[in-house]
Amino acid sequence: MKPVDFDYVKPTTLAAAVDLLAQGNGSVKAVAGAQSLGPMLNLRLVQPELLVDVTAIPELLGTREEAERIVIGAGVTHARLEDGDTSERTQAVLAQIASGIAYRAVRNRGTIGGSLAHADPAADWLVCTTALGAELLLVGTAGQRTVSAAEFVVGGFETMLAPDELIVEVRVPRLSAGSRWGYYKLCRKRGEFADASAAVLVDDARGFYRCVIGATSGRPIVLDDSRPLSELAGAAAVAEALSPTALAGDAFAIQVHAAAVRRAVRAATA
Amino acid sequence: MFGVGARVRRKEDDRLLRGRGRFVADIALVGMRELAFVRSPVAHARILSFDIPEQVRRQVFTWQDLEPAGVRPIRAASGLPGFKVSEQPPLAADKVRFAGEPIAVTVAATRAEAEDIASQVIAEFDELPPNVDMLAAAAPGAPCVHEHWSDNIFLETRVGQSFEKDVAAAPVRISRSIRTQRQCIVPLEGKGLVAHWDRQAEQLVLYTATQMPHIVRSGLSECLGLPLEAIRVIAPDVGGGFGWKGLLQPEEVVAAWLCLHLGCPLRWMEDRREHLVAAANAREHHYEITAYADADGRLLGVDADAWVDAGAYSIYPFSACLEAAQVGSILPGPYDFPHYRCRTFSVCTNKPPIVPFRGVARANVCFAMEQIIDAIAAAVGREAWEVRLLNLVPPEKMPFDNITGKHFDSGDYPESLRRAVAGIDLASVRRRQLQGEPDGRLVGVGFATYCEQGAHGTAVYHGWGIPMVPGYEQVQARITADGGLELRAGIQSHGQGMETSFAQVAHEVLGIPLERIRLVHGDTGLTPYSTGTWGSRSMVMAGGAVATACRRLADRLRRIAAHLLQARLEDVTLSGGMLQSGQADITIAEIARTWYLAPQLLPADVDPGGLEITAGYKPKSDHGTFSYATHAAVVAVDAEVGLVEILDYLVVEDAGTMVNPAIVEGQIFGGVAQGIGTALYECSPYDDAGQPMASTLMDYLLPGFTEVPAIRIEHMETPSPYTEFGVKGLGEGGVIAPSAVLCNAINDALKARGAVVTDQPVTPARILAALRNARAEPPP
């Protein structure tokens, strides 16, 4: 279980990084914490010619507070978010999410941008940034664009990132003081990827309501925002939501996803 | 204070816990090259050809290279009548029989380069239908894994007679189909080896992570055609074995031959993926059991058919039939009942060979039998522990020969159960169940009692006719000129703390301080022959040999002391490392100095063997010691999502005299943790094509420290009447009961909903399926 022979560079500017990505014709991979890429390299599921380490690019490393949002550099580790300033409502929610990711050793190295770019359907940030209504700033050789977390993920392990693009920022709208957040994931053991997950945000002051199902076989599923939460949490609604996925007809999957939604709703409305 | 029974810290932990041990992976030899194995991507196929690029041809080897050089297949026959012999070429010959089977080996300066070459080796296959499920493979007409066989049964065994007439009127008849899953063994350290030719010693030296260096040497000798004295096998520090390191590995044969062929040291380190998909498989059983009981729940008879998925080949030395055949003899467990019949089938399939995993067969039969006991209890409307108590062999019948001729040596089985019932506070659990949980979870309590044959020797093993029969266990003991003690034993300590416990035994006899006692083990060049560490035998057998050797040394010391002290032999006593007669005394160190440095002072009739001896030992009865325990657990089941939390776990155990209670407890903690894995997490499934589905630790779930609760242990200590100090083997015990206990506890929790789970591991999916079925079919 050793990787193929590859080259490694650690650029210090964003421009240099995307240039390197653009040259590689797909055989270049960006790497930050390597918590998913590392095992994939060793299993030779990925056989790149070049790894571009993005952890020395200043734009990816900071977190800043703006009036309407918290902006997180894509290279910020889960551990830094876990250890963030929890007196602020949004950061407290982010810290809570981060603290439940895998184990501390993984959180010390794994990054929010890496997790989103990898797009494992069971990943915490995938479902949570979608539920929080976050936006991602993507930068490539042709310039930059902003996409919502919900549209960023196209399918299981599939995103709209072009080969020469990097996620640079994750922009999370500030939650109102009275907002309510609920997140539940079912893991067979602590630290494992989830078998089912759901996140719920109820933000009356901003008029923002969202319920998202994660750990499906594909992209996170945003349940119809117009329905009342109690209705969304019903097994029938979840079964309907899962019907276009590979989990359709899987009694266990429908049951545990429904339970996850119910518990996330309960946490958000308690 | 430091002898038998003392809770002393382990001597070896200073180096092991500081990361200063020396494992195979720490060994680097000059000019050493690395191996990678090319493994079959298909489960069952004829090999048509290999396509090997010319530029790497000299770095790739197949059976076409090994066979002409005289390498022989691994062959582990059993002498039991009807056993069908499989031959396993260490690199597949004309046919592959499981996905992951080694078909070629590559050599390069680094493992990564060896893997690069391996990825260029392409085999062309003519695929054959695979045998994936053992019941289908055992059915008539299934394609044969070994084509010259008539079917896929390594061995069928029968125990007992049909007894239907005798139980025709039995008021209780319980039938169950029970399945236990294929598991991987997953010690912290995987397999690994370094092979080289020692030019000075003119020996093949194999450093390998093994539990049985002497048996690996025997196997290598058979496969390579080298005389035994030309082979030295060394097990350095070994990071857990659990059975995975208790066999001759095909990779060992290949690496040993190749290092002779190439003339350079070679290394192979098993990676986790190889471990999970290519070899370290265990525990896959299927049971069809019918039990009969009277209206009180007293067992009248047990009738069982058991199948063990033994995989494609018979492993050396334990063979492919030991597991199933043992099922036939140990299924009755600790119970006394009048009628028993069991048929067992060792089924050959297109999966990796089954390896005897810690608690071999015992964990499975306990899982099956303890479910039956609970089912009988439910049928007669009693608490399950009451039905257990009714059927356990009572202490007044000890020693007891059970229905399959097992000789239970000593103990009070019912008392372990009574203490477990009290210790888990059954009454309060029942009250709690009536009140219900604030969070809506369902609480349940479960029990399981077992007895465990360990350290079984010649009397048991000569009947199996496998390549190894344990006889007298030998230990060499040598007092050094400065009064220290060196012990040499052919067993191998890979987590059991024998460097400490054997020193305690020697200290008990000779009084030499623990820090002056060294154990050399795991090296065929330095130690007496031994079948190695397996079957909970090392403390009983090699520990007994340590005591025997030290007693004989004590006798020689006394004789020399009598001369030097000018005392009568019968007046000389040895205590605390000091030999005394009246007011006169002399230390062991002074006697040692005399023997080595001032022999002119020795008596004329001194034993010329001196202060060095090799002693052999067998217990008075080597039918095995019988440790036993009752485990009890309280669980909370989340019926919405199927998660199980273990709220309390209690072990009441009796392994005879404890040499070191801390080591005993460590063995139990580790065993229970593994048993929790069996119960709730671990499973290595195969798809219809015979492809392993769990190839990484993301798919193969192991319990971590957050899944293992604080385990409470209560000790009982009934000495064995047959062994030194009354010790019994206990290394495997902890792992035997947890899957049964937790399954019973979960079923107790689900009882209110009418649901029952019967298969391992008890996953959320299985719990929710059982609940759905219960809703679909409400209890009558």
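Predicted model: local features only at pLDDT ≥ 70, side-chain atom pairs only at ≥ 80, totals over all residues.
Colleague: How many disulfides does a search of the whole structure find?

Modeller: A disulfide is a covalent bond between the sulfur atoms of two cysteines. In this structure the search over all chains finds zero disulfides. Cys264(B), for instance, is in no disulfide, and the nearest cysteine sulfur, which belongs to Cys259(B), lies 7.6 Å away, whereas a disulfide would need the two sulfur atoms to be within 2.5 Å.

Colleague: Is Cys264(B) buried or exposed?

Modeller: Cys264(B) counts as buried because its relative accessibility is 14%, which is to be read against a limit of under 20%; Cys550(B), at 0%, is buried as well.

Colleague: What should I look for in salt bridges, and how many are found over all chains?

Modeller: Side chains of opposite charge can pair when their charged atoms come close. The whole structure holds 74 salt bridges. One of them joins Arg174(A) to Glu88(A), with the closest N and O atoms 2.9 Å apart; this pair links distant parts of the chain, since Arg174(A) sits in the loop between β10 and β11 and Glu88(A) in the loop between α3 and α4, 86 residues apart. Glu88(A) is buried, with a relative accessible area of 12%, while the salt-bridged partners Glu570(B) and Arg568(B), at 3.8 Å from N to O, are both exposed.

Colleague: Which residues gather in a patch of negative charge on the surface?

Modeller: The patch brings together Asp5(A), Asp7(A), Glu49(A) and Glu113(B). Of these, Asp7(A) belongs to strand β1 of chain A and counts as exposed, because its relative accessibility is 52%.

How values were computed
Residues numbered from 1 in each chain as written. Chains lettered and ligands numbered in written order. Heavy atoms only, no water. Buried < 20%, exposed > 50% of the residue type's maximum accessible area, 1.4 Å probe, protein only. Patch = residues over 30% accessible without salt bridge, like charges linked within 9 Å, V, L, I, M, F, W, Y side chains within 5 Å. Areas by Shrake-Rupley, 256 points an atom, 1.4 Å probe, with all protein chains shown as cover. Salt bridge = Lys/Arg side-chain N within 4 Å of Asp/Glu carboxyl O. Lys, Arg positive; Asp, Glu negative; His and termini not counted. Charge placed at Lys NZ, Arg CZ, Asp CG, Glu CD. Helix = DSSP H or I, 4+ residues; strand = E, 2+ residues; numbered from the N terminus.
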